[in-house]
Structure formats: C-alpha cells, structure tokens
Amino acid sequence: MTDRRSGPDAGWLQRVREQFLGPDPRAEGTEPDPRFSFANERTFLAWNRTALALIGVGLAVTQLLPPFDLTGGRHAIGLPLIGLGTVLSIASLRDWARNERALRLGRPLPRSRLGLITAVVVGVVGLIALVVAAGWGLS
Amino acid sequence: VTEDGDPEATGDGTGGREGDRDGAGDGGRDRELGRAATPRPDAGAGRELAGAAARTSLAWRRSGLALVACGFAIARGFTHVGVPAQPAVGVIVLAVGLGLWLLANAAARRWDRLAVGERPAATYRELAVVAGATGIAGVVAFAVAVSR
C-alpha cells in the first residue's frame, strides 16, 4: 500500500514539481485577462526555443568544429552553452508559474533572473571563445 | 529573446471610439496598483485578444518544429564527422515536437470556433512537457559532449 500524504491524487511527479517549481498557479486567485496568460505562455515558449538553440549550438561546437590549438577549447565553449540551455528549459517553467500566480492574485510580477543568467553565461562564453579563437595561452 | 506579444501593445481595435479609457492599459495599471487585473476584456479589445491567441498558437507551432528539427538531427547524427546517430533519443524528441505541432494546429482550429475570451490558456502540464523535452535534449547533449 502506498501512503499518499500530499492529497488524494498527488502523484510523485506532482510532489517533485511542487517541491522545485511551486504549486500549480491555478490553485489560487482568479482567471486573469487572457491576453496576459497568452503573453506569459509565449514568453515561456520563447525561452524554451532559446534553450533549444543554445543546446544545439553547444553540441555543434563540441562535435562539428575542427579542434582549436588550445586543448579542450571546443568543450570550454560548448559545454557552458549546453548547460545554460538545460537550466533555462526548466527555469523558464518556474518563471511561467510564478508570473501566472502573480497575475491571478493581482500582484506585481516577480523579477526574473533568466535574463541576467543568460547574459552572464553568454558573456563569459564569449570571452572564452575570444581566447580560444585567438589561440592564446597554449600552443 | 523578447517575444512579440506585449499584452499592452495598442491594437487599435476600438475603431476610434470616443472615451476609450478601458483598453489594454488598464490591466497593467491595475496590477501596478495592486488591484486585480481586468477579469475579461471588453469588446474593444477583442481583436487584440484574437491577435494574442494567434501569436501564441504560432509560437507553439514554432516550438514544435524546433523540437522536430532537433530530434531529426539527434536521430540522424553527423556520421561524416564522427557523431553517431542516436535514433531512440532522436525519435522521442522528434515525436514530442510533432505532437506539439499537431496539437497546436488542432487547438487553433478549436479556438476559431470559440468566442474570444473563452480560449483556454495552457496548463502547467502542457508547458511541463515542452520544458521536459528540451531538458532531456540538453542532458543528452551534455552527456554526448562530455564523452567525446
């Protein structure tokens, strides 16, 4: 027999989700103007396409480029991009839920960290790419 | 990436009606003031809402196609440069993308028959499928990139 403390229909997936991503935003508040829901949804989809593009580019850099003079250069560029894409794919779902919750409760939208994270990682990768492409450091 | 769907963009769906102070802007201002957002758009905002729904539908289709392309690349591999094909993983990602695309098309047709304002936004679960597919692709890509 399984003990289900989180509610009659709370599966393990739902419990994991609530732990990391917060509760389903539809649990509280009132239905907002659908235009805001749609815009929130499109923002999520846009972040996920960005994530997919980052993953694709990272994979292409590590697998398709000829090796640089600098050992491990391709991985130094590609792996952070793939990691960023993976984080964004899930973090954007969390942002969507937080935004939807704020819309339903009539509160100000929470501040998103996704833009800052993306800017920092892409900036660092750019610097790494500069070093690798110039062939500095090693031969 | 900034998406094109600013909910407060002026759609001019009111046809120059006099005293149009109840347009899209009020929802945002109400939010700033801590009041509840406009529960239902008025008739003047109908065209704008239809545009928002159409943009959202297109965004779903685009996302589906992106996953299809990604899945195809994973399944096929780049054997000429030594990247092996991963048919099982690729087919899963491709199938999710194709499913999204088909569902988005079906949803768009269903939405067309609904009155503006009755169109349902996505549920948590639907978005979680997209995030999960992208996340799985990312983890697989990371594993492939580390191991080679």
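Phe44(A) touches Ser89(A), Ser92(A), Leu93(A) and Trp96(A) as well as Leu127(B), Val130(B) and Ala131(B), with residues up to four places away in sequence not counted; a contact means heavy atoms within 4.5 Å. The model is predicted: local features need pLDDT of at least 70 and side-chain atom pairs count only at pLDDT 80 or more, whereas totals for chains, interfaces and linings use all residues. Residues are numbered from 1 along each chain as its sequence is written, chains are lettered from A in the order in which they are written, and side-chain values use heavy atoms, with hydrogens and water left out.

Phe44(A) is also one of the residues that touch the most other members of the largest nonpolar core, together with Leu93(A), Trp60(B) and Leu127(B); this core has 22 residues. A nonpolar core is a set of buried Ala, Val, Leu, Ile, Met, Phe, Trp, Tyr and Cys residues joined through side-chain atoms within 4.5 Å. Buried stands for under 20% relative accessible area, exposed for over 50%, and partly exposed for values in between (1.4 Å probe, protein chains only). At least two residues of the core come from each of helices H2 (34-64) and H3 (73-105) of chain A and helices H2 (46-76), H3 (87-113) and H4 (124-147) of chain B. H4(B) supplies the largest share, six residues. Another core, of 12 residues, lies apart from this one and includes Ala51(A), Leu54(A), Val61(A) and Leu70(A).

Chain A has four helices and zero strands; helices (H or I, at least four residues) and strands (E, at least two) are DSSP runs, numbered from the N terminus. Of the 139 residues in chain A, 43% are buried. Among the contacts in chain A with a separation of 6 or more, 70% join residues 24 or more positions apart. Where pLDDT is low, the predicted coordinates should not be read in detail.

Over all chains the structure holds four salt bridges, each defined as a side-chain nitrogen of Lys or Arg within 4 Å of a carboxyl oxygen of Asp or Glu. One of them joins Glu28(A) and Arg101(A) (2.5 Å, N to O). Glu28(A) sits in the loop between helix H1 (12-21) and H2 of chain A and Arg101(A) in helix H3 of chain A, 73 residues apart. Glu28(A) is partly exposed, at 31% relative accessibility, and Arg101(A) is partly exposed at 29%. Glu31(A) and Arg104(A) form another salt bridge, with the closest N and O atoms 2.9 Å apart. Glu31(A) lies in the loop between H1 and H2 of chain A and Arg104(A) in helix H3 of chain A, so this pair ties together parts 73 residues apart in sequence. Glu31(A) is partly exposed at 37% relative accessibility, whereas Arg104(A), at 8%, is buried.

Asp95(A) forms a salt bridge with Arg98(A), the closest N and O atoms being 3.2 Å apart. The two residues are separated by about one helical turn because they are three residues apart in helix H3 of chain A. Asp95(A) is buried, at 9% relative accessible area, and Arg98(A) is partly exposed at 27%.
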